[in-house]
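Student: Please show me the structure, and then we can go through it by question and answer.

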Amino acid sequence: MSQNAARTETMVLNMGPHHPSTHGVLRLILELDGEVVVKATPDIGYLHTGIEKTAESLNYTGAISLWDRVDYLAPLSNNLGFVLAVEKLLDIANIPPRAQCLRVLLVELQRIASHLVWLGTQAIDIGAVSVFLYCFREREQIIDIFEMVSGARMMTSYIRVGGLAQDIPEGFEKKVRDFIRTFPKRIDEYETLLTQNQIWRDRTVGIGKLSAEEAIDLGVTGPILRGSGLNWDIRKSHPYSSYEQFEFEVPLGQNGDVYDRYLCRIREMRESLKIVEQALNRLPKGPVIIDDRKIVPPPREELATSMEAVIHHFKIYTEGFKPPVGEVYVSIEGPRGELGFFVVSDGSAQPYRVRVRPPSFINLQALPRMLQGRLLADVVACIASIDIVLGEVDR
Amino acid sequence: MELLSPLVPILIIVIKSGVAIFALVTAFAYAVWIERRVMARMQSRIGPNRAGPFGLLQPLADAVKVLLKEEIIPQDAKVPIYLLAPAVSLVPALLSFAVVPIGPEIEILGQKITLYLADLNVGVLYVFALASVGVYGIVLAGWSSGSKYSFLGALRSSAQMLSYELPLGLSVVGALMLAGTLSLVQLVEAQKNAWFILLQPLGFLIFIVSAVAEVNRAPFDLPEAETELVAGYHTEYTSIKWAFFYMAEYINMIVVSSIAVTLFFGGWQGPFFPPAVWYFLKVAAFIFLFIWLRATLPRLRYDRLMQFGWKILLPLSLVNIIATAAIMVWQG
Amino acid sequence: MPPFENLPTDLVLQGIFLLVAGLIVVAAVAVVTLRNIFHSALALILCFSAVAGLYILLEAPFVAAVQVLIYVGAISVLILFAVMLTERVMDPKMGARNEQWWLGLLLTAIAATGLGAIVGFAPWPLSKAPIINDQITALGKEFLTTYVLPFEVASLLLLMALLGAIIIAREKEGG
């Protein structure tokens with residue numbers, strides 16, 4: 001701006017924490033010049049619930065249920081991340097193959113469910129109202145499956161240290177097969193409504209660009225990183241839970257804009273579906289949890305016949321198991337990116353400290369960079385493309 | 001009786017105005033109901049179905065609800081203007097319906113009654129003039145609310161409506177040239193042989209696109225872009241004042257549909273049914289189109305919208321006028 | 001107006017004229033005297049609308065519609081726009097005068113004298129010709145025959161204004 005130009009004032013717009021498209025309670029302080037964003041400052045902490053601290057006063061099994069509430073759109077991924085960390089702490093390596101396979105299956109379904117919420121909100125933020133409702137229709141199918149296995153629609157807490165809480169019920173396979181059959185057509189439907197829509201492309205192509213270098217510098221992970229063209233997927237680079245046995249591709253973008261992130265996630269849903277199908281086809285028979293009475297409670301019928309079982313049962317439910325002193329960090333590829341759990345044990349039955357590496361929190365750092373010099377209308381598109389869950393950002 | 005006879009024409013006009021306003025308000029209520037039901041079907045939902053059969057009493061329930069809502073006047077509001085704005089928004093919308101012809105003359109109790117309030121010889125201009133006055137409702141509401149979201153919504157809408165008035169006005173010029181009149185009644189009569197949609201397809205396309213923008217409907221609903229500006233210019237309005245804006249939007253939609261029907265689809269004309277039925281059917285088809293668009297398309301971005309208006313629609317409408325003129329001259 | 005022929009038309013029209021004329025004067029005075037410039041702008045809109053009313057009284061609906069469309073609907077919105085976007089302007093404490101007041105006074109005096117002279121010295125013949133029914137066609141024909149030169153000059157002026165606006169906007173973009 002030239003020196004002699006008339007003095008123009010910027011306007012400070014407080015967006016959130018109660019605003020329809022800040023995905024919860026994100027507050028953004030926007031400095032606007034007309035409708036152009038000069039500076040964006042995210043303000044977080046409105047959903048701080050002290051979950052990490054709470055975990056220190058629960059035993060390891062009890063703490064599993066907390067992580068459902070961290071990222072309430074992907075509870076199973078959070079269950080898995082924490083459980084894997086505790087298993088590493090306990091040095092358990094012989095998780096039954098059936099449990100491993102089911103874990104993969106459920107976590108991939110979870111990825112689809114989470115991406116569906118993202119797609120719906122991204123669409124409604126750009127004004128395509130119908131897609132939002134279509135996405136929730138499909139998500140309902142997945143949630144029904146979760147309810148079937150765990151009894152809860154969202155707060156599943158289904159994955160346990162050593163395996164799973166219980167085996168899958170009858171009819172599970174049919175429901176998943178139904179989903180596998182119908183879902184690809186539904187994705188095609190979304191793509192007709194959005195991918196080929198000129199207005200959609202106008203609103204997303206070239207918006208919120210993040211180059212690969214910037215993405216690395218900011219530490220972003222997940223579809224945002226891959227949208228910028230970097231091939232980094234923990235499922236491939238550090239396979240866990242038998243991911244190495246599955247065939248799938250990691251979709252990559254090129255430009256790192258909202259559109260590429262959108263395409264990445266859409267294709268990721270298709271890949272996840274492939275994994276689900278493979279898992280269902282090869283699902284091995286056998287137990288779903290290890291047979292270690294120091295960690296896993298004995299089966300119910302043994303309690304009537306074995307004194308030892310009663311003692312184990314009593315010990316586990318009153319006190320819990322005690323991992324050896326040490327600290328571990330385990331990360332998995334959550335729907336939003338690298339979801340890491342750092343667990344410190346002091347040898348007692350409660351974790352000494354649990355620290356989550358929340359992908360939403362770290363990805364949110366990229367927001368001011370994406371918004372610089374963009375229009376107000378792009379702000380919502382960018383927030384949605386980061387796919388934040390405020391429960392995870394604030395914990 | 002002799003003494004009263006000069007008052008009869010006035011009485012007829014008063015009654016007709018009353019009926020028109022009542023009909024418009026009812027039409028608004030059921031346009032909302034249709035929108036909610038149709039959108040619900042398109043989005044695999046059910047929609048309102050509790051109040052009365054098929055939820056037909058839902059508009060009444062909504063009206064009661066809206067009336068009973070708390071009146072809130074924001075602290076920073078500039079009060080007289082803040083209260084004036086909803087009326088400024090609604091009144092032009094109602095007034096512009098005066099020239100819309102629903103049918104030709106009919107006879108009731110020996111009195112010849114026309115199915116329109118006025119046959120102005122500048123009917124089309126009258127509608128556009130009132131539409132441009134309607135902008136004030138939005139501008140004043142946005143400014144007087146004392147809220148930044150409202151303000152941004154007002155800025156957007158005034159720019160948008162000003163920009164789209166131009167192609168809107170120019171797009172109908174072709175049809176006006178063919179009919180050789182500005183009167184909406186005569187325009188309908190001019191389409192006895194061929195609807196102008198056949199002669200003016202480009203003009204109609206430009207008209208309908210600009211019309212969607214002019215009445216702030218999706219995908220051009222930027223002034224109230226929910227996800228960006230909360231509710232745009234009427235963010236700070238509650239209760240009946242808010243309902244006024246809502247009414248203005250839907251009545252504008254009905255008026256614009258009526259104008260489209262009158263200018264391009266032969267107005268009340270059609271076989272078998274009485275004229276008024278044809279008029280309602282055609283308008284309903286347009287309302288359905290508006291709803292359909294809203295359920296399908298994402299929202300345009302502000303700068304794109306302006307570019308589209310100025311760089312595509314405006315030149316196209318000029319081309320349409322020149323082409324129409326050339327053909328008319330060529331054909332003599 | 002056949003339906004109303006039994007009413008004292010002249011009296012009613014006279015009354016309406018006085019009302020509209022009074023409104024114009026009051027609104028015009030309000031424009032220059034109100035302290036809040038936003039209110040001034042609103043008064044200006046009222047003034048423009050009242051002028052449209054005057055045209056309707058003169059049975060010139062086309063001019064009235066155009067008056068509303070252009071002056072009320074477009075120009076005044078832009079004025080409001082400018083006022084709303086410059087926050088400081090709306091401060092009522094800001095003086096309504098600036099250092100150029102004498103220039104304004106001079107120009108106003110010249111204009112007022114000129115107008116007064118026209119009103120005073122022009123003969124005001126009453127046209128006996130009947131009111132033309134198809135005004136728009138007649139207007140269009142006159143514009144492109146008798147008054148083609150003023151019409152084109154006005155168009156040129158508007159074109160220049162348009163170009164000027166583009167140049168000003170461009171300059172800001174580049175700098």
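Student: What does the secondary structure of chain C come to?
Tutor: This is a predicted model, in which local features need pLDDT of at least 70, side-chain atom pairs count only at pLDDT 80 or more, and totals for chains, interfaces and linings use all residues. Residues are numbered from 1 along each chain as its sequence is written, while chains are lettered from A and ligands numbered from 1 in the order in which they are written. Helices (H or I, at least four residues) and strands (E, at least two) are DSSP runs, numbered from the N terminus. On that basis, chain C has zero strands and six helices.

Student: What percentage of the residues in chain C are buried?
Tutor: A residue is buried if 20 or more other C-beta atoms lie within 10 Å of its own, exposed if 12 or fewer, and partly exposed in between, with C-beta atoms placed from the backbone. Chain C has 175 residues, and the buried ones make up 11%.

Student: Which helix of chain B gives the most to the side that touches chain C?
Tutor: Two residues are in contact if their C-beta atoms, placed from the backbone, lie within 7 Å. By that rule, 17 residues of chain B are in contact with 17 residues of chain C. Helix 4 (123-144) and helix 5 of chain B each supply at least two residues of this side of chain B. With nine residues, the most comes from helix 4 of chain B.

Student: How many charged residues are on the side of chain B that touches chain A?
Tutor: Here 22 residues of chain B are in contact with 26 residues of chain A. Ala, Val, Leu, Ile, Met, Phe, Trp, Tyr, Cys and Pro count as nonpolar, Asp, Glu, Lys and Arg as charged, and the others, Gly among them, as polar. This side of chain B divides into 10 nonpolar, four polar and, as asked, eight charged.

Student: Is Asn121(B) buried or partly exposed?
Tutor: Asn121(B) sits in the loop between strand 2 (111-115) and helix 4 of chain B. Beyond its neighbours within four places in sequence, Asn121(B) is in contact with Leu182(B), Ser183(B) and Pro61(C). Because 19 other C-beta atoms lie within 10 Å, Asn121(B) is partly exposed.

Student: Which residues does Arg369(A) contact, leaving aside its neighbours within four places in sequence?
Tutor: Arg369(A) belongs to helix 14 (residues 366-371) of chain A. With 18 C-beta neighbours inside 10 Å, Arg369(A) counts as partly exposed. Its contacts, with those neighbours left aside, are Leu210(A), Glu214(A) and Leu218(A).

Student: How is helix 6 of chain A oriented to helix 11 of chain A?
Tutor: The axes of helix 6 (residues 172-193) and helix 11 (residues 258-282) of chain A come within 11 Å and cross at roughly 160°. Axes are lines fitted to C-alpha atoms, for helices over the stretch in contact, and angles run from 0 to 180 degrees between N-to-C directions. Angles under 35 degrees count as roughly parallel, over 145 as roughly antiparallel, 65 to 115 as roughly perpendicular and the rest as oblique. Helix 6 of chain A is therefore, relative to helix 11 of chain A, roughly antiparallel.
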